[in-house]
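Here is a short walk through one protein chain. Keep the 3D view open while you read.

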Amino acid sequence: MSARRLSDKFGLSANPSFLDFSNSDGNSTLWPTNTTRTVDHEGHVNFMQHIDLDNATVMKWRSLAGKAVALELGMPEGPDYVFRDWPQGYRMYDHHKGPAANPRHDVYLFGSPRGRFRSINEFIPHAIWLMRDQTVNPGGCFCKYCTKKAQKEITASMSNILRSTPGGSQSPAPSRLREKLARSRDLARERRLRETKIYAAVTKAPKPLKPSPHVSKHPMLVERNSDLRAIHSATHMKLKRWFRYGELLWCELDPQIAGPNGPTSNIRFWPGLVEEVRLKNQVTPQVVPDANGVQISIHENGDNDSGATHSSFHSTPLPPSPWTVQQSTTYKMKLLGVSCTYIVADNQVLPYQAHIPPNDLIVALQEFPPAELNFSREKLSNFNPCSGDRAPPFADAVAPYAMAVQIGATLSGYWCLTDEWDFKYTVPRPLTHQPLPRPSQPQTTLQSVIEAAALNNSINLTHKPNSNAFYRNVSSVVPNMPQPEVQAVVNNILGQPAQEQVNTQVRFQGLWWGAERIWTDEFVRLKNILPPSGPGKSARDTWIAQGRDPAELGAGSRGVFMRLDGLFVVDALQPDGGTRKECRASGMLYELADEDWEEVNASSGGATPAPIASSSLSGPVPVNGNAQAGPSSFPSQSAQPIPGPSNTTPATSSAGLPLPPREILSPTPYILPQAPEGYRFRAILPEGHESVISLSLISGRYYPRVLSHPLLDHTLRQALSNSPERGGLMEYNNLWALEGLAAGFYNSVDPTIYKTTRVKMVEDADKEAAAQLEQHRSERLKDEMEEQMVLDDVDEIVDDGSMDIDKPVLR
């Protein structure tokens with residue numbers, strides 16, 4: 001452990017802005033008592049010396065802590081914030097230990113009943129809590145001594161504050177410190193608020209460096225590998241293990257909580273977080289008929305107990321096993337809004353996106369008297385929705401259920417990146433070629449756009465040194481768009497080009513996306529990028545036989561998927577010439593094609609392929625007042641109405657290029673997930689290319705064959721029996737979208753607020769939901785009081801006879 005030397009080179013600015021602690025948990029009885037310098041028989045000392053406020057080390061702590069607190073509390077920029085004094089009951093000491101002539105110096109801040117602070121980064125979270133929490137409740141403090149967590153974890157969760165205030169190095173000059181704090185403040189705002197712009201591009205995938213056999217590769221998280229194998233691998237389990245630790249799910253209650261307006265108002269599902277995932281093995285004996293036709297187990301029949309030893313090389317087949325082992329998954333759930341856990345089987349939980357509380361239940365909650373609502377923590381913690389064979393009354397469940405639903409809705413609006421790592425890659429050398437002539441007429445088919453993307457991204461113009469225009473040859477959504485505007489959009493999407501041939505990029509292994517845990521290497525659903533394939537032969541024949549237009553069929557009515565190969569941060573260029581950090585996702589795009597759909601290359605002289613559905617990148621992408629998509633992107637015209645304005649024109653393309661290959665070998669160790677019944681996955685980008693998109697285009701996870709879940713049987717029967725006058729199957733597009741049978745925007749996770757950790761997401765969602773429900777309750781009570789005053793006024797008027805009316809009319 002290195003000594004924390006006293007600084008003698010730090011000074012305050014000429015006009016500091018002093019901050020004062022209004023609260024304190026300090027206690028002077030916790031100060032050290034060994035304050036007398038005594039030299040022992042070995043010539044060593046071991047004592048504590050009080051350090052005054054004007055000492056350089058103390059001033060450094062007060063200054064850096066003041067700036068960090070001001071940054072966290074959003075105080076105006078400009079002033080040089082410094083704490084005037086320690087919190088009441090606090091005092092700093094210098095620990096002298098070692099040889100008397102040259103002792104070791106360690107500084108400690110004493111006074112807190114939970115521990116002594118050894119560094120500025122340890123003290124800053126505690127100082128923020130003292131300045132923010134007027135109740136001085138230690139449950140709201142995030143320092144290492146109040147949370148019992150490692151300082152490394154706390155520093156990572158408060159990186160926007162603590163990384164800008166190092167505890168051991170010499171403080172920079174005031175002007176440099178202000179610039180650094182300003183940059184940190186800007187980055188913090190950018191992490192919390194994401195733009196709603198939608199961007200996408202197609203580019204060549206970077207080539208990872210081949211490491212030396214003596215260098216270990218970056219390890220994959222065990223949790224990530226386990227979750228991905230559960231989704232991608234074949235299994236004999238009745239239901240796949242779809243769900244992961246920390247995800248938000250709907251748990252089926254048994255028995256249900258009966259509602260006031262019949263079964264449709266029952267509380268059937270309760271939201272909860274996965275605390276633990278367990279594999280359950282159920283062993284049952286196999287039964288066979290005996291000579292009399294009676295069913296007996298193989299074990300009882302004795303066929304498996306002949307006493308013979310069977311070698312694995314013996315030609316005689318082994319007798320059947322007397323047992324059958326059936327595996328399933330159980331989940332330990334932490335129910336939201338209450339203080340209880342619930343062990344459920346895999347057939348008792350649904351994805352959060354697969355269920356919406358029925359309208360009759362929502363009406364029953366809204367009609368419940370607000371005066372009877374009690375959202376106190378004590379009242380909520382005492383309620384148990386699954387206490388036994390008898391369900392609790394609906395009146396007792398209203399407040400806890402409303403709290404649970406509100407926490408879930410708030411949590412679904414948060415997101416964060418996890419598990420950072422360094423990705424080393426090479427930038428392909430640009431080649432020289434002549435610019436391509438622009439076609440006289442814009443092409444409107446997606447195939448022509450993909451052809452253009454394949455050509456434009458496989459050939460680069462000569463890269464000039466010290467030039468930002470590295471991505472020179474791109475296709476634009478507007479044929480006559482000036483090159484500077486095209487380049488500006490390219491730099492915004494793909495970030496500033498790297499100048500070195502070998503580069504390091506910060507990437508992430510996964511992210512929390514609202515209710516869901518998403519890992520790289522898995523399939524995610526995209527919102528509104530439509531694929532190119534048309535309907536299969538059987539579907540076309542059926543529609544033609546019914547006298548309907550096959551153009552209404554095809555993948556245009558289905559979703560598109562991305563194999564999430566990368567999550568990374570780019571320096572996106574801004575209109576003012578600056579840059580900002582933005583997150584991007586990259587990977588191969590796939591569509592759902594009919595199993596009997598045949599891809600025919602027109603250039604090979606084959607038959608004419610089926611009509612190709614147009615594709616789109618729709619949504620507000622404001623650039624100088626016009627909606628524009630990114631370079632090498634798809635045209636913004638669709639056979640399907642898509643939310644959001646889109647006035648872009650089709651992208652240009654070139655003719656005579658080969659079609660994209662039917663199948664692309666995956667660079668991941670996992671096989672493709674199981675496609676919905678009757679469909680297959682088809683890659684829609686050329687080999688060696690990837691799509692780079694904004695995270696705002698991600699709808700959520702792909703759940704293979706989730707529509708086979710027994711809890712969705714009733715909903716599926718309702719959908720199949722729904723009459724065309726009431727919307728038919730399209731009325732349930734939110735359900736079909738989970739398997740990609742409908743466009744992703746019908747069932748989309750749309751988080752907008754960035755949080756540092758999953759724990760922080762849950763804690764903030766709990767606080768925000770409680771505040772929102774209390775406000776809602778107060779407003780309803782106020783409205784009822786005003787209505788009652790109006791009724792009282794009308795009664796008084798009628799009683800006084802001042803109004804000659806037969807029937808009072810209330811408005």
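Predicted model: local features only at pLDDT ≥ 70, side-chain atom pairs only at ≥ 80, totals over all residues.

Val283, Trp323 and Val325 make a nonpolar surface patch of about 290 Å². Trp323 lies in strand β12, which covers residues 323-335. Buried would need a value under 20%, and exposed one over 50%.

Now turn to helix α2, residues 120-132. Is this helix enclosed or open to the outside? Of its 13 residues, 12 are buried, so the rest of the structure largely encloses it. The buried residues include Ile120, Phe123, Ile124, Ile128, Trp129, Leu130 and Met131. Asn121, Glu122 and His126 are also among them, as are Pro125 and Ala127. In general, an α-helix has 3.6 residues a turn, so residues three or four places apart point the same way.

Check the length of α2 next. At 1.5 Å a residue, its 13 residues should span 18 Å.

Step back to the whole chain. It holds 17 helices and 26 strands. Of its 811 residues, 47% count as buried. The chain exposes about 41,300 Å², and carbon and sulfur atoms supply 51% of that area. Finally, take the contacts between residues at least 6 apart in sequence: 77% of them join residues at least 24 apart.

Definitions and conventions
Residues numbered from 1 in each chain as written. Heavy atoms only, no water. Helix = DSSP H or I, 4+ residues; strand = E, 2+ residues; numbered from the N terminus. Buried < 20%, exposed > 50% of the residue type's maximum accessible area, 1.4 Å probe, protein only. Contact = heavy atoms within 4.5 Å. Areas by Shrake-Rupley, 256 points an atom, 1.4 Å probe, with all protein chains shown as cover. Patch = residues over 30% accessible without salt bridge, like charges linked within 9 Å, V, L, I, M, F, W, Y side chains within 5 Å. Salt bridge = Lys/Arg side-chain N within 4 Å of Asp/Glu carboxyl O. Expected span 1.5 Å × (residues − 1).
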